[in-house]
Amino acid sequence: MGRIDDFFDCRGGAPCQDHAALRPLVLEVLGLPSFFTLPLFKRVVASSAPGEGDAQQCTREAVKRFWEARLCGRDAASSAFECLRDGPARGGRHSISKHGLTDLVTCVAVTHPGLDFLVQTKEFQDRYVETCVYRILYLVNQSDNGLITRKELRRSDLVEVLFDLDQQEDVNLARNYFSYEHFYVIYCKFWELDQDHDFLIARDDLLRYGQHALTSCVVDRIFAECPRKFRCQVPGMMCYEDFVWFILSEEDKTTEPSLSYWFRCLDLACNGVLVAHELEHFYKEQAHRIACLNQEPVAFVDIMTQLTDMLSPERPGLITLRDLRRQPRQASNLLNVLFNLKKFFSFEMKDPRDKRGAEQTDWERFATEEYARLAMEEELDEASGDGRDYVDESEILAQAVEPEEA
């Protein structure tokens, strides 16, 4: 409490009129990254007593009261939670909602020197904040209810990443949550699919993802909301939040959120186990697409044998989410074999001795390659209508849907 008095005494007792003035208090007294100034400012103001000066300022008395009620005796993780959580408890438990995360990421966006350029483009800054919030929820909120518990925050690396980010000028080094390059890739991939730019994606739009890499049956399952209920308010459409969950799951199938996402997608019976006929349901269209490219598809029985050898399920013939989590790399290969043709071919042709890029996650490799491609496209004038003399496989795959059974 004395250190709070020292902080305000250095200001001549004057209240803090904006969140930036709280930076010394956050860093030296709370021991938190500087990006907690805005969340702290908002919560102190919200807890101020009626008639306690200007409603938009932090007084000495209000900060002391907030300290005693929420922060006294807590470690960094608990203090971070208290600065971000909503006021009243929900169902008897306090939690961090999108509002608290938005305050946190907004502070990153407006104060980190590596993001100064976003100040000139408010709409893009808002999209950056929105995307980072979704990425935090994707990795931290394991229950996927939009409310991060104290335990979930403590188990995550979010606070540690924020400490590191405070010391880094390059925001792109914070790859899990705050990388601008990763945001740019996600947003541009969404924009490419959303051709009418209504900020909604239809089933046929998603079929074009990755140059028609995905089978129609797995896209149908996504739009049936089997892996995750859409947050979109327009029935039958995918919003930006839904797309962020999809692309993070599609481009790195080794993470826990991704494995859960795709397991629910494949679990036709919704009974918590995958059996041969469910896997064959998805592979059938994959085999047809392979044949359309004038290649010989591998028989499903051979695929099943290979998958069983890769995963070594605890119960023969039954694959559970636990089996996938035990072997995330092999599980990723399984999923690509079933419904992503381009990644299936990459898996078949990859030399197991090739360790290039092993220090990066699948998502980091994808984002790095896509950002380089997008940057190059901005520098070069794209030629159009050249009369190509090569076969575009994506056009073949667009037509290669599973034939109807006789």
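Predicted model: local features only at pLDDT ≥ 70, side-chain atom pairs only at ≥ 80, totals over all residues.
Helix H1 crosses helix H4 in a right-handed manner. H1 covers residues 2–10 and H4 covers residues 60–71; the two pack at an angle of about 160°, and their axes are 10 Å apart. H1 and H4 are therefore roughly antiparallel to each other, since an angle over 145 degrees counts as such.

Which residues of H1 and H4 meet? On the H1 side they are Ile-4, Asp-5, Phe-8 and Asp-9, and on the H4 side Arg-60, Val-63, Lys-64 and Trp-67. Sorted by class, this contact has four nonpolar residues, four charged residues and no polar ones.

Of its 406 residues, 49% are buried. Among contacts with a separation of 6 or more, 62% are between residues 24 or more positions apart.

Next, helix H6. This helix runs over residues 98–111, which makes 14 residues, and spans 20 Å from first C-alpha to last, close to the 20 Å expected at 1.5 Å a residue. Its buried residues are Gly-100, Leu-101, Asp-103, Leu-104, Val-105, Cys-107, Val-108 and Ala-109. Against what do they pack? The partners are helix H3 (37–47), helix H5 (76–84), helix H7 (122–140) and helix H9 (158–167).

H6 and H7 pack at about 130°, with 9 Å between their axes. The two helices are therefore oblique to each other. H6 passes H7 in a right-handed crossing. From H6, the residues involved include Leu-101, Val-105, Val-108 and Ala-109; from H7, they include Tyr-128, Val-129, Cys-132 and Ile-136. The contact of H6 with H7 is made up of 12 nonpolar residues, three polar and one charged.

Is Pro-39 buried or exposed? Pro-39 has a relative accessible area of 0% and is therefore buried. Beyond its neighbours up to four places away in sequence, Pro-39 touches Cys-83, Leu-84, Asp-103 and Leu-104. Two of these, Asp-103 and Leu-104, are themselves among the buried residues of H6. The C-alpha atoms of Pro-39 and Arg-85 are 9.1 Å from each other, although 46 residues separate the two along the chain.

I come now to helix H10, residues 180–193. H10 has 14 residues and reaches 20 Å between its first and last C-alpha, close to the 20 Å expected at 1.5 Å a residue. Because 11 of those 14 residues are buried, H10 is largely enclosed by the rest of the structure. The buried set includes Tyr-180, His-182, Phe-183, Lys-189 and Leu-193. Among the elements covering the buried residues of H10 are H7, H11, helix H13 (240–251) and helix H20 (362–379).

Thr-215 sits in the loop between helix H11 (203–207) and helix H12 (216–223). Its relative accessible area is 0%, so Thr-215 is buried. What does Thr-215 touch, leaving aside residues up to four places away in sequence? The answer is Leu-207, Glu-285, Gln-286, Arg-289, Leu-338 and Phe-339.

Technical notes: Residues numbered from 1 in each chain as written. Heavy atoms only, no water. Helix = DSSP H or I, 4+ residues; strand = E, 2+ residues; numbered from the N terminus. Expected span 1.5 Å × (residues − 1). Buried < 20%, exposed > 50% of the residue type's maximum accessible area, 1.4 Å probe, protein only. Contact = heavy atoms within 4.5 Å. Axes fitted to C-alpha atoms, helices over the stretch in contact; angles between N-to-C directions. Parallel < 35°, antiparallel > 145°, perpendicular 65-115°, else oblique. Left-handed = near helix turned anticlockwise from the far one by under 90°. Nonpolar A, V, L, I, M, F, W, Y, C, P; charged D, E, K, R; others polar.
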